[in-house]
Structure formats: structure tokens, C-alpha cells
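Dear colleague,

Please find the structure below, together with an account of how its chains meet.

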4 protein chains.
Amino acid sequence: MIKAGIVGGTGYTGVELLRLLAPRDDVSIEVITSREMAGTPVSTVFPNLFGVLDIAFSEPDAEALSACDVVFYATPHAVAMKTAADLLARGVRIIDLSADFRLRDVATWEHWYNVPHECPELIHDAVYGLPERNRERIRDARLVAVPGCYPTAVELGYLPLLEKGLIQRDSLIADVKSAVSGAGRKAAVRTLFCEAAESMSAYGVDGHRHLPEIEQELNDISEEPVNLTFIPHLAPMVRGIHATLYSRPAESLDPDSLQALFEARFADEPFVDVLPSGVVPATRNVRASNQCQLAVTHLPASNIVLVLAVIDNLVRGASGQAVQNMNIMFGLDETAGLKQVPVLL
Amino acid sequence: MIKAGIVGGTGYTGVELLRLLAPRDDVSIEVITSREMAGTPVSTVFPNLFGVLDIAFSEPDAEALSACDVVFYATPHAVAMKTAADLLARGVRIIDLSADFRLRDVATWEHWYNVPHECPELIHDAVYGLPERNRERIRDARLVAVPGCYPTAVELGYLPLLEKGLIQRDSLIADVKSAVSGAGRKAAVRTLFCEAAESMSAYGVDGHRHLPEIEQELNDISEEPVNLTFIPHLAPMVRGIHATLYSRPAESLDPDSLQALFEARFADEPFVDVLPSGVVPATRNVRASNQCQLAVTHLPASNIVLVLAVIDNLVRGASGQAVQNMNIMFGLDETAGLKQVPVLL
Amino acid sequence: MIKAGIVGGTGYTGVELLRLLAPRDDVSIEVITSREMAGTPVSTVFPNLFGVLDIAFSEPDAEALSACDVVFYATPHAVAMKTAADLLARGVRIIDLSADFRLRDVATWEHWYNVPHECPELIHDAVYGLPERNRERIRDARLVAVPGCYPTAVELGYLPLLEKGLIQRDSLIADVKSAVSGAGRKAAVRTLFCEAAESMSAYGVDGHRHLPEIEQELNDISEEPVNLTFIPHLAPMVRGIHATLYSRPAESLDPDSLQALFEARFADEPFVDVLPSGVVPATRNVRASNQCQLAVTHLPASNIVLVLAVIDNLVRGASGQAVQNMNIMFGLDETAGLKQVPVLL
Amino acid sequence: MIKAGIVGGTGYTGVELLRLLAPRDDVSIEVITSREMAGTPVSTVFPNLFGVLDIAFSEPDAEALSACDVVFYATPHAVAMKTAADLLARGVRIIDLSADFRLRDVATWEHWYNVPHECPELIHDAVYGLPERNRERIRDARLVAVPGCYPTAVELGYLPLLEKGLIQRDSLIADVKSAVSGAGRKAAVRTLFCEAAESMSAYGVDGHRHLPEIEQELNDISEEPVNLTFIPHLAPMVRGIHATLYSRPAESLDPDSLQALFEARFADEPFVDVLPSGVVPATRNVRASNQCQLAVTHLPASNIVLVLAVIDNLVRGASGQAVQNMNIMFGLDETAGLKQVPVLL
């Protein structure tokens, strides 16, 4: 039985962790912290858990957390960096859903997150938790930085192309559409129902915090710097990310090989499905699941390689991928607790 | 291993049956029929099943179906009545999600469904599949008529009150709000996105097909005829039924006992949760799950007993309840394959 | 040219007032106040006004407001009561969209709004701005209390029945469904997109602030006390109220006369449409307009008089009705600036 | 008084034409045809028109239509081409909202629409009704082809850049998100509420009918062939198009001049608003209005010129632009009947 703790459990990644972990026989949720809600049953805040999980939020407490085998940080950025070192020192393994340990360059992190990093010495111990790239390193990791939602979709989509150097590295344009839940469960006018419903808009045009994360990873994959245009959009839906990924083929690319390339690359991946040629994905295909669906095609008239990638931002883009990492770290079946069929409608 | 067949699998109850049954180790989906889609992989019609279920729709075929232990009819009304007798004769047990065997009075059925009933002799063999009332009879049933979505919510809500005769039987008003998926997956203008989105309306004011079903069951429960006003509404959402159930207390009712009455009645029911006093349910609390959430209160100023009941119309109101019936019929744990945590958002 | 001021213009009733008033040739928006947004152009907060209205929010200022002919309070409750007397004394006419002057009984107001009323002496000067009842008094009013959104729908629906004493006054049940915009433009978790989308729930079951307002008015209409059960629900849509109004007929009611009764009562009303017999309304029918659509029928099986009423909560339930009151107060055509065709989809 | 007829009025562009034209004093809707609905009042099909427009659908009839000054075709493609010549010969001016006369190359039209063109001789008489380019020619046009919804957004966005040759003509990528109403009011599974809600997907990746139209116009604007990648997406909303337009700057472009370029180009255009630098548009900003909002910026890190364009697909992308064309053709104020303030929420 794996003893799990969750720090900061009142957000959307928190309720998703609970949804995924609560039914498991091999994981026990020992503690879930929230300063604001300490003492309140989790089922009061998340009434889908009524009758499912009989536990209350508690004040963050190092003792209680250090009795866990693994602690998930489901917090905003700049929280995990304050207490992760202490928990690691006590032998707890950490899975951080926030951005604190995703960027290897401290200065870049501090630029984008606008606070000093309080634990830079751990950054290089952290493993970037994209299993399709880093599965072996995740196995032994003490600290996993779970990829962001946009990065997960964009990186999986470009992965086969950049690994093989099949596209021009300076031609990448990622036009990505995200559900509103990406903004979290924080009271804010911008994400009120009446503000977000029935509307579509770009945002973060001048720079989004996920850009340096995506660039770091794409650079790693391609082993040379890429140049990426990344334009996120807010779509009027609760869950889902749809990444429309454009690039120009390198000379070495045989357009007819694209489908086979993608199928081969992900043949053994339990959570990536390459759709048959000619089929396009939709975010609902993967709703409430850890699956990523990909489609790839070459547009002959404009000589563009087009990849379409969809994920559920709260599952594959956050809590599901966190659990996938946990499964790997603890030597479990990687798919344990994660094979719910997507809720199509 | 239970061998299961599904007749008419291209609708919303079909995809939900597949979502619930496909991951199970103890059930094998042998055949799923659709005249129109015969030969097409189910994952083409329902792309959430890509990589989950590798089977194609087939022409309805009595031989193939009769090799099953159980056959689900996920068809419109007036289909099951044509072939159920034959399958039963071949030893197949039947779970009918349609209305064909719900009403015991043939004339009433023919009035509301406007076609002659082709198999009236089976009506009295059918067990009405509301486990909270008929669990023992379901166990041995050859033919189960799964309750409709509105009836499930309304009957569960009034059940404790009518069983004990605690409300005036002529005072029932059920104001019920349904998601659009209740109308099925049939091409129709009225349920187009642009027609149904962002709007609320009543319908069936002069009489809805679920009314005689609800009346039959409430009469049975109360052992005397009730008088019910039932006004269904279409709400702009994909899943969920919210029943707001009004009635006047009988003299015998102690209003302070209501909460305890409900809690006691459903204490052993795995799929009914009575919320704590003062807490109201929301349809999202039970999304994509088989759970029913109930709240009960007495309104002193107007002397009304108010019950609020929410279910997912596609799960508890159709496919989930069908699976629950199957579990009971085959001596399995009643909750097998049905304990997914609701998808709150 | 009528010089108009708006106090508290950053909410949804504010933007609706601007939408309705900005295009008019006979009204000039002189000032729109917001402490928080003072100095910010209104089109920054409400980008639909870009190129339409070139004005900035300003600090509340008695001098600027007193130069207006009319001031609208588009504020939460307990704001207008602080400054209305001063403006009235300076000769400004006031249209208050908040609840401050709706209830004639101060103690009741203080009970429901939980603060002392700071201007009780004005309550009895205020005219309740439901034109269908109080048109003549509105004409000369110095201070109009615009009805709440729920009250507008419920009162219009019961009006013809209670005026003539045709229903049992103790049998009223109003099951009402409201769009999320009724909760205003305040940052709050409960009305976030991801909380309110795709869900339906009752709320305020133990008592909603609009209940005493509705009771006061229905009592007035019927000239004897009514007993009303009022259950509001939150529906996943931006605009609209759907009131489903139940009552038992009095002995004097001829059910066959209901349609004619309603048609006659509202024959001269520009903003109430009685739908043909057998037609039910939908909230989208009146979206973004000041129209109320009503349907009435008698349900013979349960002997219930059923009225269905729909309005746009932000227009007829707030800003549109406020403008209608202004038109009456200033001797204009009552429909001036209010005959936009509803935006069906 | 302009006498107007509408052919094929039961779709979404039909109801929008009625919404815009019905309140006008200078336009009289003489006839609105629908074979299927002949004899039915328009307010039965479009209940927002109850009390607004007291007219019934009629069988298409050349006599009745030829008594009009102008006839709008609000039909699917391949209808107007059958009867337009006859009406023109009778002196009626025609505004075709369908695609029949948009493409100057008959073979291209027949390729994409997959039927023979029955009236190729009129194609070159038709004026493409984008007022920002063709205002003078529209004035005297007998036959106007109203631009498609996607083309309107994409062409307005690229217009200033291509007119001046400031971008590389082979670098255009238009990632465009459309509301569901773009698919029309035809019963179809794909656009059912439960299929389209809460999901995002690309479609028409291998080629969309609007592509040749956009290419024709962009080629015209730039006076040399462009190469365009056009990927349309279906977004879960009723109204709106959001075009995200990428291109590489030509050497001649001074990035700092972009904002001024756009502002100057559209300074006199009543229906195009260039947002201030740093502000991004949202589709809700222009809902139910004829406005187009544009933003332009240069992304220095990737050296991309980014244009964001939003319109309401049913108004500026169809019926509103049709009315704008009518205003121009009949010498009216171009904005007559079209200055409704957008319905932000």
C-alpha cells in the first residue's frame, strides 16, 4: 500500500488526484492539506466524493506529510519550492504538479514566475515527468516535475518529428486551444461563467509561462534550438486542450512516411493513440482520461506538416500524468488506475 | 466470463454501455448490432473507444445474439418487443433499456407509444429494474425493463415518503430538468447545438411518455393511486437530471424525522446517497456515475416536503442501471464496474 | 436630451444599461461611476463598447451626478440607500436596480439583507417599477425601485390569476430556473465557468431574498395574503429566467377561459406576449430583449393551473425594465430604445 | 421603402436577416419563401419574432419575388444559380448569401461544390460583397455575392498587409475557430448539442470550400498568388469566428508601423475596429453585431506577424454583411439598421 499525501488539495488538480486515487486498493490517501479549508471534509468542497472519500482537509504539517511514501503538490507555483527539500530529506518522494522544478535555468524561471526561486539546488535533481521521453529516469526519481498541460500536448505532437530531425526547427507554430479549467479554481472575473462562456480569444500573445518550458523540452528533443511561435487560446469548455501544430518539412522528410513514423514511435505507449490516417481528433475523445490522441498529415499545397494533438488538460495535462509518474516510480503497472474509458459526452 | 450482446449500439445508451463494460474482466462484449453501421468499427462512431474496444457493428443476427448470456437492447421503443421472445426462448437473459416492457397495462402502452404492442405476453414476466425496490425479483429475472431516466429520479425521490404514507398522495408535483442527451443521438433540429444551447424550456406539458410509468410505480409504492403533476424541462447541458419534488405532508408526518427516514431507507443502497441536512445536490456531483444524490427538507412557511434528486440520465437513468441489473442477475457484486468516481467538472 | 448617470457601472446590469442607452439620440450618458475602475475607459472593461461609447469610469461624485436628470443605481444592495436622498434633494430622479427600496417593510428588509436600512424614510416614496401594474405611479415617481429578476417573472405570470382571484391563494409553487448572470460579475468560485457549466442545482431552498419581494407584490395583487413556495435553481446558461408556476384553481375559474384572460390582460402591454395555446416559451425566445413571454394552461388530470414565464434576467429583469421605467418617467414612448428583436441564438 | 424578399428563410442566416430587417422603417419584408414551411408563420419557426413580424413562409414564386426591389438568397449553395437570372431579368437586385457567385472560376466552383454550375454567365457580373474592398462596385451591383464567414475574417485580417506587400506571400497560415452555427440549421448528428458541446476539433484539414474563395481574394489583394494554409476548427459556441493569422514579414516591413498601418487602413470603416496595441479581441465582443475587431502585433522572438480577427459569423459573416451591401446598393446610410451594440454576454 502506497501512502500518499496531497499538498494544496482544493484546486482542480486536487479533485482530479482524488478522483483517480480514491478508488485504488494499492494507494491510501493519508493526508490532504489546505490552510483555508482545514477541518472541512473534502466531500463538502468536492461533492462528487460524497460516500467515496471520508477525509478532511488538514493544515500543512511536515510530520504528517513525511509519513507518506509520496507527496503530490497540487499547488500554485512557488509553494513546492518552500518545503520540498525538507520532505525529500525525510525520504518522501515528491511529484510536483506545479512549475517549480520544470525549468532547468533558474534565471529563466525567475523571469517568468517573477519571484526568487527558494530551492534552486533541487532543480537538477528533478526529472521532467513526460514518460514518453523520460520513463527510465522517472523510475528512480526522488522528485518529478509534472509537465504543464500545454507543454504535454505540444511536446508529444512534435516529438517524433524533432527526434528524427524531420522538420525545419525554425518553422514551428503551435496554435493551441485550452479549456477554462486550465486557469484553476481561483475566484476571478475573467473565468466566471458569464465571461468565458460562448467566447473564444487568444491570450498571452506576448509570452506565456509555458513557452520556456516547451522550448526547453523541444530543444532537448531536437538536440538543437528550435524557434517556436506559441499562441494559446481560451475556448469555452471545461476540459481539453487541442494543439494544432504547424511546421515545414526538412528535406529529409518523406511525407508518405509520417503516419508510420508516428505509429512506430508510440506503438508501445499505453497513453498515446495515433489515429488512422484521415481521422482527426476531438478533445471530447479523451475527456476525463489520461489518453493523448494524435493525428499527423502533410498538406501538399502549402508543404506543411500538420500535427493535431488532444489531451484532457486536467488528467493527461496534470493529475493523470502525475499518477502515471507515481506508478512508474513505485514499480506498478504504469496504467494502474488510469484506464477509465474517456467520457465521450 | 459473461458473454454480452448489445442490440442497437449507435446511440448514447450504447456508447455508455460500452464505456462501462469494455474495461471489465468478467464481461465480454460479443456482439453489437446496428443495421446502418454494420461493418464499421465502434471506435469510428465513438472515438473515445479507440484502443479500448476493437470490434465492429454487425447486422442484427439471432444466432450471434443467442450465443450470449445476456443481451441489452439499447434501441428506441418498439424494437425489443419484436425479437425478445425469440432470444428468451433460446435461453438468453434480456435487459431492455427501452420502454417496451415497462408498463404493465398494454392499452396504456399502446396509447402512449402509438403502435400495437407485438409481445404483450412477456410484459408480466418483465421485472421493473429499479434495484432499490425490486432487487430480489431482478435476481431471477429473465427479462428486465430498465426504468426511464425521469422515472428513476422521481421514484427514488418519492420512495421513502410514499412507502410510509407520509405525504398526501394527491399533492405530488415533479418539476424535472433534463439534459439534452435524454433526446438521444438522432439527427433533429430541436436538439442541435444552436437550438439547445443557452436556453431553458418546458416541454411535454400536455403529457410525457414517462408519466404513466412514474404513475404506475408510485401507485405501486404507495399501494393506492397518487395524483402527479409532471413537468419536464430541457436544460442546456449534456448529462444530468435534476428532479425538484414537491408534496404536502400527511398528518402522520413528523417533519423532523425526514432526514432520518431517508438515511435509513437508503442506508444499504450502494448507489443512493442522502446528503447531509442543509446540503443540496447538483447534477455535476454524479456526472458519468451511477450514483443518485438525494436531499429532503420540510419548508415550514408553506408546509411543503421538498425532495431534490439528481442522477446522470445516461448512467443511472439508463446504461449504468442496466449494468447494475446485470450484476444482480448474474450474482456478481452489484457495484462491479460501476464505482467510477463522478466527474465533477 | 435626457442626461443620465450610472452609479456602479462595472457589473452586468451596468453593461446592459450602456448597451441600451449608448445608441440613443435622446439620452446622453454623462457619468458612470466606479471607485475601483475610475479613470479606465468603459470599453476596456466592456470591449463590446469599443467605438460605441468613449467615456471613462469616474469616482462617485455628487456634483457630477446631480447635474443629471436621472441616475441609475446599478449597484449591490445597501449602496443606493446611502446617497439617494441627497440626489433626490438636488432634483435628480432615481432608478434603483438594487433591492434597497423594493420592500415596504423595513424590518423585513433588514432581516433579509442583514444590515440596517440607512434611508427608511424614502421607502414609501419609492414606486415599485413593474409597469404592468404601476404605470401611472411610475410616471410621476422621483424614485423607482426596479423589480428583481425572479420577481418580475413570477409576478407577471401570476398577475392575471391573482387579480381576479381565480386560484387558491395558498397553493402557489414557483419553480424557477435562472441563468448564472443573476449572480453578478463578482469574482467567486461558485460562478466560475468550471463550477457552473454543465450542471443544474437548486439553491436558497431555506429562503431567497427575492421571496419577501414576491410575496409583498403577490399579496398586493391579490389583496389578500398568498402562500408561496419559491425554489430558485441555477441553470448552466448566461441569460434567462424560466418560471414554472403552479397553482390550484379556485372554484370560480373556468379553465377554458385562461387563454383569453391572459390575452386580454396583456393586450396593450408592449413587453408581454401571451403565446398561442399549446405553445411553450423558451428563454432564448427573449434573449437580449425586454420581452416577457407567457403561456398558460390547465392540466385536467391533476387540476393544476400552469403558467410558464420567460424573461431575459439582465434586460426585463434589470436594465431593460429600468430603461422602460425611465421612458415612462420622462414621458417618452415607453418602448424607446427597447425594441431590439430578441437574439434567438 | 425598399421591398425585400428572402428565398429560403428557415435557416440561421434567414432568422438573422429577419432580426435585422424587421425593425426597419425603410425596408418592408414582402415575401419569405420555404417550400417545406409554406403557410407556417415565421414566428412559429423563430419564436423570437413573435409579435415582431406577422408573416408566413410561402412557396417560392417568381411573381411575388419579382415585385421586390431586392431578393436575398439565404439558401444552401446551388439554389440561387437556378433562379437568379430570371429575377435579375425582371429588374430585381440580388444579394446571394450562398457560395454560388463567389468564385470567378467555374471549374474551381464545380470542383469544390461538386455540381455543374447552372448559371456561369452571371458569375462575372457578380460583385464580391466585401465593402472594405469593393464598396464602389457594390453601389451599382445588380448581383452581390456575400463573402463566406471564414473568408470575411481572414480577408479583413490580411488585407492591410497584402495590399502593401508587407508579408511573405507564401507564409500564410490561418488557424480559424468557428462557432457551430456555421454548419447551419440542418438536422445532423455532428452538430447535435451532445456532439458539439464541450469539445474542440479541427475539420476539413484536407480542404474546405472556403479555401478557394479566400485564395482568390487574397490573390486579388496582393496582386500575386499567395500560398495559404487554412485549418478550420469547430469550437463549442453558438456564434463567432476567431481567426489567428500568421505570416512572415517581408523585408520592407517595419514592425513598429503595424498598428498605425491597420488603424489608417480602417479609419473610415464603420464596421472594422482596430483594437489598441496590446489588447486582444474575443468573439463575444462582437456578438450579434456586424462589427469586426482586429489586433495586430509582431512577435520578435519568432519574427511572425500575428493578426487576430473576430466576427459574428451570422452577422458580419452572413446576414449583417448582406444588409450592409443592401444599404450601399440602395444609397442608404451604410450603417442603417446595423448599429446594435454587441451583446457582450
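Chain D and chain C bury about 2,400 Å² between them, with 73% of that on carbon and sulfur atoms; buried area here is the accessible area (1.4 Å probe) that two parts lose on being put together, summed over both. This is a predicted model, in which local features need pLDDT of at least 70 and side-chain atom pairs count only at pLDDT 80 or more, while totals for chains, interfaces and linings use all residues. Residues are numbered from 1 along each chain as its sequence is written, chains are lettered from A and ligands numbered from 1 in the order in which they are written, and side-chain values use heavy atoms, with hydrogens and water left out.

Chain D and chain C each give 28 residues to their contact (heavy atoms within 4.5 Å). Phe50(D), Val341(D) and Leu345(D) supply 30% of the area that chain D buries there, more than any other three residues. Zero salt bridges are found across this interface (a side-chain nitrogen of Lys or Arg within 4 Å of a carboxyl oxygen of Asp or Glu). There are six residue pairs in polar contact, both at pLDDT 80 or more (a pair of N or O atoms within 3.5 Å; within protein, one must be able to donate a hydrogen and the other to accept it, and residues adjacent in sequence count only if both atoms are side-chain atoms).

Helix α1(D) gives the most to the side of chain D that touches chain C, with three residues (helices are DSSP runs of H or I, at least four residues, and strands runs of E, at least two, numbered from the N terminus). Ten of the ten residues of this helix, 12-21, are buried (under 20% relative accessible area, 1.4 Å probe, protein chains only). Their cover includes α8 (193-196) of chain B and, from chain D, β1 (2-7) and α11 (315-329).

Between chain A and chain D, about 3,400 Å² is buried, 56% of it on carbon and sulfur atoms. Each of these chains contributes 42 residues. The interface holds four salt bridges, and Glu195(D) with Arg284(A) forms a salt bridge at 2.6 Å, N to O. The polar contacts there number 30 residue pairs, both at pLDDT 80 or more.

Chain A can be laid on chain D by a turn of 180° and a shift of 0.0 Å along the axis, with an RMSD of 0.0 Å (least squares on the C-alpha atoms of residues with pLDDT of at least 70 in both). That is the relation of a two-fold axis.

With kind regards

Key
Buried means under 20% relative accessible area, exposed over 50%, partly exposed in between (1.4 Å probe, protein chains only).
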